[in-house]
Structure formats: C-alpha cells, structure tokens
Amino acid sequence: MPSRLPAFRPPPALLASLLLMGLAPAMARGGDEHAHHHHHAASAVSRSEITLALPQVKLRSQDGAAVMFADTLDDGRPVLLNFIYTSCTAICPPMTRIFAEVQESLGADRPRVRLVSVSIDPEQDTPQRLKDYARQFGAAEPWLFLTGSAAASTTVQKAFNSYRPDKMGHTPVSFLRRGPGQPWVRLDGLAQAGDLLRELRPMLPPRP
Amino acid sequence: MHRLLALSLLLLALPGHADEALRAEGQRLYLDGLRADGSPLEGRRPGGEVLRGRDLACAQCHRRSGMGTIEGVVVVPPVTGAVLFAPGRAPAGHAPRRAAGVALLDHGFRTRPAYDAPRLARALREGMGAGDVPLDPLMPRYTLNERELAALQAWLEELGKGPVPGVGSTALHLATVITPDADPRQRDAMREVLQHCIAGRSPPPGSGRRTWVLEEWTLSGPPQGWRAQLEARMHRQPAFALVSGIGREWAPVHEFCEAEGVPCLFPNTDLPGPAPRASVYLWPGLALEGAVLARHLLEQAPVPKRIIQVFDPADAGRAGASALRTALIDQPVTVLDQTFHGPLDETAWRKLLPAMEAGDVLMLWLGAADLARLPGRLEAAPPTARVFVSGTLAGLERVADARSIPPPWRSVLHVIYPFDAPEARLSRMVFNLGSWMSAQGLSLARDTERTQGNTHTACEITALALYTLGERYSRDYLLELVEDSYAGATASAFPRFTLGPGQRFGSKGAYLMRVETDGRLSVDGEWIVP
C-alpha cells in the first residue's frame with residue numbers, strides 16, 4: 001500500500017540555518033580562533049558493525065526482472081550496498097562514481113562481488129531510468145540497481161536503519177558484508193573507493 | 001541594405017557581443033558541463049580519479065538558479081554573482097554560538113571575504129576557498145583554461161540578476177489560467193479554494209513583505225487563440241508564476257509557460273504538455289492511464305493478442321489511446337483504434353464494436369453518458385474479454401454512479417483509477433481540508449472534492465516554496481523549491497505525491513478498480529507505476 005501523507009519536513013532555509021554550523025572540537029590553543037577545523041559533513045567517515053535481518057521483498061532490477069531481495073543478497077558473494085535515487089543532485093552521483101571506481105579496481109575479482117544500489121525514490125526510478133543511470137556510470141554485471149513499490153523500498157531502508165521519510169534528507173552511507181549470516185560493516189559519510197576496497201578485499205575468499 | 005550590413009558588422013565588433021559569447025560559453029559549462037568544443041568538463045576529487053560527464057556540470061549541485069541545495073548534511077552554497085563576489089554573510093539573526101569545549105563554526109562560505117577572479121580560479125582549480133579554507137571534497141577540482149574561467153565568472157555574475165517579471169515594489173503578482181472548456185462547477189470550485197488559500201497565505205499588507213496578488217486569466221474562444229491572449233495578459237501585468245488553474249485542453253498554456261519560462265504550478269488538467277520544464281503537473285494525465293494499462297497487460301499472462309480501443313480523437317481520451325499504443329509498440333499485440341465523433345447511441349455502438357474474440361481486451365476512453373448507452377446485451381463482448389475504462393473520463397463516483405453502466409458490462413469492467421481509493425481519499429480530505437474549508441465558508445462537495453483538494457495542494461506547495469524563497473526572486477529557484485515542498489500536498493486526490501530535482505509530476509501511478517454490485521469502486525491489486 002502506498003503511504004498516506006508526506007511527512008512534514010522543515011523547508012530547506014530552516015534546515016540550512018540548523019545545519020549551517022559545522023560542529024568542530026575547539027582546539028585549546030591560546031585563543032587562536034582561526035585554528036579551528038572546518039568540518040566537512042560528507043567527507044568524515046565513521047565505521048560500525050551491525051547485524052540485521054534481510055527482508056524478503058520483491059524488487060525489480062534495472063532490466064525489469066523480478067528480484068527477491070534476501071535471496072539475491074544471500075548468493076554467497078560479498079556484498080557492497082548503498083541507497084540512491086536518480087534525480088538526486090549533489091550526493092548520489094559521487095556515491096555512484098565511487099562504486100564504479102570500486103568495480104573497476106576489482107578487475108578480475110569483479111564477478112566475485114555483488115554491488116547493489118537500492119532506489120529510495122522507487123516510483124520515479126523505473127527500471128528504465130535505473131538502466132540509463134547505470135549506463136551513465138558504466139555499471140556492469142553483477143551490479144544491481146533495484147526499485148519496486150514504495151513499501152518494499154521503505155522496508156529495505158528500514159532494515160538497514162537508513163530510512164528517512166524524505167529522500168532529500170538522505171545521507172551518504174555504504175554497507176558491506178562478507179557473506180550470508182555475517183555482520184554488516186556500515187560506513188557513514190562519503191567513503192572513498194579506497195575505504196571501500198580496504199574493507200572489501202579481505203572479505204573475498206582466497207582464489208582456488 | 002549596405003547600411004544594415006555595416007550596422008551589424010559594427011554591432012559584432014562591440015564589446016557587448018564578446019560578453020554575450022563568453023556568457024554563453026559559461027552557461028554551457030555551468031548547465032551541461034560542456035566546453036566550447038563540445039568536450040566534457042574534467043575534474044577530480046582530492047585523492048580521486050579524473051572525472052568527466054554530466055554530473056560534473058555545476059548545475060548538478062549548485063542548481064540551475066545558482067542558489068545551491070541541501071541534501072542530508074551536505075550544504076551546497078549559492079554561487080550567484082551577488083553572493084559570490086561579496087563577503088560571506090551569516091543569515092539575519094544568526095550569531096555563532098559557543099559552549100565550553102566546543103565551538104560551532106560557520107561554513108567557510110559564510111565567513112570568507114568576497115571572491116575576485118584570482119580567488120575564483122583558485123577555488124575552481126585547487127579547491128581552496130576565498131577564506132583560505134579548503135572546500136569540501138564534494139566540490140570537484142576542475143581543469144579549466146583562462147577563457148573557461150572567464151566564461152564561468154561571466155555566467156555566475158549573470159545568475160540571479162534582476163529584474164524579475166511579476167515582482168513589483170509592494171506586490172508579488174501571480175496568475176491562474178481558466179480555459180473556456182473547463183467544466184463550470186469544477187472551475188468555480190478551483191477559483192474559490194485558490195482565492196481563499198492565496199489570500200490566507202499571502203504576507204499581510206504592512207508586514208514589510210510583498211503581498212501576493214492573484215489575477216485570473218480567463219481565456220476565450222478556440223485553443224488556437226489562447227497563446228496570444230496569454231501573451232497579452234503577461235504583457236499587461238507580468239506574473240512571477242502561474243498557480244493552479246483549470247482546463248480540458250492545455251497544450252497552448254503549456255507551450256506558453258515553456259516559452260516564457262514562467263513556472264506553471266499544478267494546473268487542474270488531464271492533458272499536460274510534453275517534456276515540461278517550467279510546468280509542474282499534479283500527474284501525467286490521461287497518458288499515464290494508457291501506460292498503466294500497458295504495464296498491467298504485459299505483466300498479466302497471457303498477454304492479449306489484440307486490444308481494441310474506443311475514443312473520440314477530438315477529446316482528451318486521445319492522449320491515453322496514443323500512450324497505450326506507444327507503450328506496446330515493440331510488443332506482438334495488435335492495437336485497433338475505433339474512433340467516433342459525437343455522442344454514442346446503440347446503433348453507433350454496434351458499428352463501433354467489432355466481433356470480439358476470447359482474450360481480446362477492450363479499452364473504452366469514454367465519458368459516463370457514452371458508457372451508460374453501451375448495448376444492454378453483452379453479445380459484442382464475450383465474457384472472457386477484459387474491458388477497461390478510463391477512471392478520469394468516466395467520472396464514475398463523481399458525475400455518475402457505476403450502476404448507470406448496463407449490468408453485463410459492469411461485472412467485467414476494470415476502471416483505471418489514478419486517484420487514491422474513494423474512501424481513503426475522502427477521509428483524508430475531510431481530515432486535512434475540512435476545517436480549513438469551513439473556516440473559509442466553503443464546503444467540500446462529492447463531485448468537486450478532487451479539484452478542491454488538488455487546488456489546495458497547488459496553493460500550499462507554492463506558498464511553502466515562496467516562503468522559503470523570501471526576497472531571492474528567481475523563477476528557476478522557485479521551481480527548485482517547489483520540487484522540495486511537496487509536504488504541502490496533504491489534500492491531493494492522489495495516494496502518494498512526491499517530487500524531486502527535475503521531477504515534473506507529483507503522482508506517478510494508478511490503481512485498477514472493480515465495480516462492486518452496489519456500484520462502489522474497490523481497489524483490485526497493487527498501485528501500478530508504469
């Protein structure tokens with residue numbers, strides 16, 4: 001079922017005045033006001049480990065194929081996952097670029113890692129739109145872009161504790177997991193390709 | 001002739017023209033990320049690889065208006081000339097706060113000195129802000145030659161420059177368009193809600209802010225003449241934006257809005273124009289119904305071999321028929337168009353419906369009166385045939401009761417229904433709109449409730465966006481704020497109403513409904529987004 005009403009969200013100007021001050025530790029250097037660091041909200045990455053139950057919802061891939069979410073992620077491969085939407089302005093293109101860089105750097109190991117980008121604007125992001133978006137960033141097998149009903153997308157976001165009633169409140173976060181039943185690594189912030197590869201490479205089983 | 005030539009040569013040599021060419025180059029870099037020779041702009045993030053492509057265009061982050069955006073915790077600052085080439089300023093009433101052990105620091109762009117050409121070059125090439133603070137790594141470090149830098153600077157200086165049409169010294173002028181083919185009851189319902197809502201939301205006189213003045217642009221005559229009438233109205237008293245409005249045919253209004261670049265926000269029409277940029281619509285109109293049916297048929301095995309669609313090419317149903325045909329163009333399905341003019345009687349009906357075979361699909365783009373005259377006996381359509389009607393055109397539960405459709409048809413009928421289910425919708429309308437309406441001395445009526453709710457939505461979203469806009473008048477910025485103000489859509493006729501950057505339709509799907517024996521429509525299956 002579609003959800004009822006859009007949740008109230010402060011208009012950007014109000015948000016701006018709330019957010020416009022970066023929080024930075026004061027440095028105890030004799031009154032030197034200028035020594036403070038300016039905090040870049042998106043670039044600081046924090047790492048945590050979490051366990052979660054993957055919901056078995058039906059989604060659709062960029063090729064229009066029906067995809068059972070939990071089964072697909074539990075195919076045995078390490079998984080790298082994020083949440084995006086194609087009309088997103090500042091933050092999703094860099095996130096998708098970074099996934100593309102990871103894909104390239106994996107080289108021969110590329111088929112051994114499942115990349116997944118789940119749309120948080122599923123009604124707008126039809127499979128065709130996701131396909132165009134994937135092409136724009138040179139995404140290749142086995143990188144899946146997933147969409148579906150608004151309810152299914154919300155279920156997935158909630159399972160990853162990444163749900164915002166409003167997509168413009170979306171913050172950059174990446175998830176990695178070695179294999180089924182294992183904990184997830186959660187990286188909040190705009191993790192660079194190097195950050196992701198450092199987590200991902202040790203998750204790959206040794207080549208036979 | 002010679003004098004003309006000489007004059008144009010002279011004009012070409014004037015500095016104004018050189019400026020214009022430079023600005024045009026800057027505009028292309030800014031909006032499309034393309035250089036003068038058509039090659040893509042290049043840049044990198046600190047420590048990252050070389051990037052190129054559409055997402056490097058400045059407008060991707062700073063937006064068309066140059067006013068920037070906020071996404072999650074990321075703040076993309078404004079880069080319009082007036083802001084960039086002046087010292088950074090904290091917003092009015094904002095004082096940096098501090099607490100023991102912690103200092104809250106303003107963003108660099110709030111405390112920096114003014115940019116000049118060398119500082120801008122350093123920011124764009126090296127990512128060093130004017131206040132000698134490195135810019136957030138999200139902001140790419142660009143490879144730009146001197147000319148490109150100058151071009152970008154020329155464009156940034158142009159951004160946000162006035163005067164803006166419709167912004168008077170004490171009034172902000174808005175208008176709403178009413179076409180002569182609008183249904184009178186729906187038209188009056190729209191006018192009442194809009195007038196009360198705009199008056200109620202406008203800053204009051206004496207508040208120091210511009211009051212909102214709403215004009216009604218009532219068009220007359222056939223659609224061919226509307227564009228000229230709109231241009232004349234805009235010339236007489238320019239409007240900053242058009243809000244709500246109502247009409248059956250809408251193409252001339254759409255074309256006017258796009259050509260003029262005036263935001264046309266959520267008109268009540270079932271025929272939105274193609275590829276909107278300045279127009280934002282409630283929903284994609286009847287074309288959506290055609291696309292929804294195509295999606296449903298393709299997902300439901302067996303896919304039919306033949307679809308027969310009945311429509312009047314002079315009426316709105318043509319848009320749905322054309323969308324259905326387009327969506328099935330690559331499919332092994334025959335789409336047979338059965339067209340007619342004027343009201344249908346039983347004889348006309350019999351001529352119109354070909355002998356139907358099992359598995360055929362019949363799509364009726366018809367109004368309630370024509371549906372009521374369907375041949376009483378079902379011989380034309382075997383019981384296995386699937387019959388669909390357009391919920392918008394049929395107006396069931398609005399102007400007619402589904403029981404007016406002859407019984408044998410009723411039981412095989414599916415209604416393509418792009419609105420929230422009637423019960424859910426009504427209770428939401430009453431809850432979110434009822435008390436406001438009564439306070440205005442207005443009342444919700446069963447046959448106009450969708451128009452009332454949608455008009456209220458148009459007004460509320462526009463009002464939210466205008467409040468955020470403040471004094472920073474720019475039509476592009478207004479559109480960007482509208483994309484972000486859909487929280488105002490609490491009483492729309494649709495179950496979900498969302499927008500986003502560049503999105504131009506609030507609602508994006510439809511239900512299929514079946515007709516219960518008591519004539520009620522009830523949801524059959526999931527909300528379908530084609």
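A residue is described here as buried when its relative accessible area is under 20%, as exposed when the value is over 50%, and as partly exposed in between (1.4 Å probe, protein chains only). The structure is a predicted model, in which local features need pLDDT of at least 70 and side-chain atom pairs count only at pLDDT 80 or more, whereas totals for chains, interfaces and linings use all residues. Residues are numbered from 1 along each chain as its sequence is written, chains are lettered from A and ligands numbered from 1 in the order in which they are written, and side-chain values use heavy atoms, with hydrogens and water left out.

Salt bridges were assigned where a side-chain nitrogen of Lys or Arg lies within 4 Å of a carboxyl oxygen of Asp or Glu. In general, side chains of opposite charge can pair when their charged atoms come close. In chain B, Arg187(B) is bridged to Asp188(B), with 3.2 Å between the closest N and O atoms. Arg187(B) is partly exposed at a relative accessible area of 27%, and Asp188(B) is likewise partly exposed at 32%. Both residues belong to a network of salt bridges that also includes Arg191(B) and Glu216(B). In chain A, a salt bridge joins Arg77(A) to Asp75(A) at 2.9 Å, N to O. Arg77(A) is partly exposed at 23%, as is Asp75(A) at 33%.

A further salt bridge in chain B pairs Arg23(B) with Glu158(B), whose closest N and O atoms are 3.6 Å apart. Because Arg23(B) lies in helix 2 (residues 15-32) and Glu158(B) in helix 7 (residues 146-158) of chain B, the pair ties together parts that are 135 residues apart in sequence. Helices (H or I, at least four residues) and strands (E, at least two) are DSSP runs, numbered from the N terminus. Arg23(B) is partly exposed at 25%, and Glu158(B) is partly exposed at 28%.

Helix 7 of chain B also packs against helix 6 (residues 117-126) of chain B, at an angle of about 105° and with the axes 11 Å apart. Axes are lines fitted to C-alpha atoms, for helices over the stretch in contact, and angles run from 0 to 180 degrees between N-to-C directions. Helix 6 of chain B is therefore roughly perpendicular to helix 7 of chain B, a term covering angles of 65 to 115 degrees (under 35 degrees being roughly parallel, over 145 roughly antiparallel and the rest oblique).

The buried residues of helix 9 (residues 226-236) of chain B are Trp226(B), Leu230(B) and Met234(B). They cover an arc of only 70° around the axis, which puts them on the same side of the helix; the arc is that of the directions from the helix axis to the C-beta atoms. The exposed residues His235(B) and Arg236(B) are carried on the face turned away from the buried side. The cover over the buried residues includes strand 8 (171-178), strand 9 (211-218), helix 10 (251-260) and helix 19 (475-483) of chain B.

A cis peptide bond joins Glu141(A) and Pro142(A), with omega about -5°.

Methods. Contact = heavy atoms within 4.5 Å.
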